[in-house]
Structures are given as structure tokens and as C-alpha cells.
Amino acid sequence: MKLSTVRMESENVKIIKTKNNEELSNKAAELFVQALQRKKQPVIGLATGSTPERMYELLIEQYRAGKISFEQAISFNLDEYVGLSVEHPTSYHYYMEEKLFHAIDIKKENTHIPNGLAEDLEKECEAYEQKISRAGHLDFLVLGIGVNGHIGFNEPGTSFDSRTHVVTLTESTREVNSRFFEKLADVPKEAITMGLSTIMEAKEIMLLVQGDKKADILNKVIHGEVTEDIPASILQRHPNTTVITDIEI
Ligand code: PGA
């Protein structure tokens with residue numbers, strides 16, 4: 001596999017350029033496995049969406065081949081919709097079970113996803129933050145990005161100081177995500193997400209960006225101004241972020 005690694009002069013962000021989604025996913029799985037094996041009890045942040053799907057398949061393959069184990073790992077997902085049950089096929093609980101958890105040896109009690117059905121959502125957010133903090137913060141965090149620059153469900157305008165919180169999804173995010181639902185009206189209007197401060201406390205971040213439709217936003221995130229209008233731009237200030245992408249930038 002031929003990969004080029006470029007360290008930007010003006011920013012912290014390291015870029016790994018890949019030819020296609022397969023190469024991107026292989027590289028992502030490689031960094032994931034390194035993080036998984038670096039520590040006795042690694043705390044890993046997980047993303048949902050289309051982008052990491054192939055990486056999860058590759059991790060399952062490696063687990064089945066006896067090369068890796070998740071037995072000691074603790075996981076925290078970035079976000080969850082408000083109002084969907086864990087059995088709902090478009091909930092992120094369901095996604096994680098289906099795409100990864102059912103096929104590996106991670107302990108159920110060590111997996112964490114915000115509860116979008118909690119009676120008191122504010123309390124749920126606080127409790128989630130505390131659990132992350134008690135686990136010693138994230139050692140490694142997988143991120144995707146929305147075309148509007150969101151990471152997790154931190155939509156444009158979210159404070160850089162935010163911690164786990166309830167968000168109102170933008171109409172553009174609801175439209176983009178409606179492809180997973182029967183109709184737009186079924187897409188929840190709210191979600192719980194780790195905040196940008198929570199994300200920035202991860203010791204290592206891996207941002208996966210796939211497909212030309214994200215070229216504009218990726219350019220802004222890497223080369224543009226650090227601004228709350230583009231939540232992912234905060235990653236320029238993170239000391240250990242790697243972007244893996246198949247986009248020419
Ligand atoms: P995607 O979602 O991987 O399905 O493009 C990324 C995101 O919206 O964060």
C-alpha cells in the first residue's frame with residue numbers, strides 16, 4: 001500500500017492521503033489496532049455513519065483471525081438520536097451492535113452510548129461526561145465529519161467549550177441523514193453529542209473523510225480559519241490528530 005504522509009507547516013494536523021475507501025479503511029483499522037494494543041485498558045471513542053463501516057468490518061476480520069481482542073477495551077460513542085429506542089434500526093445503539101459489537105469480544109458493560117430515551121436528558125449528558133472522565137478520558141477517538149463541518153453532532157455555531165449536550169439538528173444534517181430513514185419526517189430533531197471540549201480531550205484523534213462531496217469542507221477544516229462556524233476546524237488546535245482521506249487536498 002503506497003501512502004503519502006504530509007505534515008502541514010502551519011497546523012498540527014497530520015494528513016494521510018489514500019487512493020480510495022478501501023485503502024482509507026485499511027489505514028484507519030491499522031491506527032485503531034495500534035491504539036487498541038498500546039494500553040492495557042484502552043478507552044476508545046467511536047463514530048457511526050457510512051465512513052467507518054468498512055473499518056469496522058476489517059476490525060472484525062482481525063478479531064476473528066485471533067489477531068486482536070477488545071476484552072479490555074472501554075468504548076464511548078460520540079452521539080445518539082433523541083427519541084429512538086435501542087432496537088430502532090436507525091439508532092446508533094443498533095448501528096454499533098450490528099456493525100461491530102455483536103461480532104467482537106467487547107464487554108457489554110464497557111460499551112457506552114448516550115441514552116436518547118433518558119427522561120432527564122440534561123442529567124444523562126452530565127452522567128455521560130462523568131463516565132468519560134472516570135474512565136480517564138479517551139485515548140483514541142474515531143471521527144467522521146458532516147458536509148457542514150460537524151463532528152459528532154456538534155453543528156456549526158456550537159461553542160468550542162461545549163461538553164456532552166443536547167443539540168437541535170440542522171435541517172441540512174436531517175436531510176443528509178434521511179437516507180437511513182424511510183422519510184425525512186422520521187429523522188429525529190434532536191440528539192445527544194459529546195461536546196467539542198470533550199472531543200479535544202481525547203489524546204489521539206483520527207478523522208476519516210471520504211468522498212469528493214466533502215472536499216470543500218475538508219479544505220476549510222485543514223487550511224481555513226479556526227472558527228465555531230466550522231466545528232471540525234478546532235482540530236487544528238489538537239496536538240495529535242490524523243486525517244485519513246481519499247480526497248485531493
Ligand atoms: P457519514 O457521516 O460518515 O455517513 O458521511 C459523517 C457525519 O455526519 O459525521
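This is a predicted model: local features need pLDDT of at least 70, side-chain atom pairs count only at pLDDT 80 or more; totals for chains, interfaces and linings use all residues.
I used local features only at pLDDT of at least 70 and side-chain atom pairs only at pLDDT 80 or more, while totals for chains, interfaces and linings use all residues. Residues are numbered from 1 along each chain as its sequence is written, and side-chain values use heavy atoms, with hydrogens and water left out.

Entry 1, ligand. I listed the residues with a heavy atom within 4 Å of the ligand; among them are Gly49, Ser50, Thr51, His150, Arg179 and Lys214. I then looked for polar contacts (pairs of N or O atoms within 3.5 Å). A ligand oxygen lies 2.4 Å from a side-chain N or O atom of Thr51, and a ligand oxygen lies 2.6 Å from such an atom of Lys214. The protein covers 84% of the 290 Å² of accessible area (Shrake-Rupley, 1.4 Å probe) that the ligand has on its own.

Helices are DSSP runs of H or I, at least four residues, and strands are runs of E, at least two, numbered from the N terminus. I found Tyr92, Tyr95 and Met96 buried in α3 (residues 92–99); buried means under 20% relative accessible area, exposed over 50%, partly exposed in between (1.4 Å probe, protein chains only).

I counted 15 salt bridges, each a side-chain nitrogen of Lys or Arg within 4 Å of a carboxyl oxygen of Asp or Glu. Glu248 and Lys17 form one at 3.8 Å. Glu248 follows β11 (241–245) and Lys17 is in β2 (residues 14–17), so this pair ties together parts 231 residues apart in sequence. Glu248 is exposed at 65%, whereas Lys17 is buried at 19%.

Terms used: A polar contact is a pair of N or O atoms within 3.5 Å; within protein, one must be able to donate a hydrogen and the other to accept it, and residues adjacent in sequence count only if both atoms are side-chain atoms.
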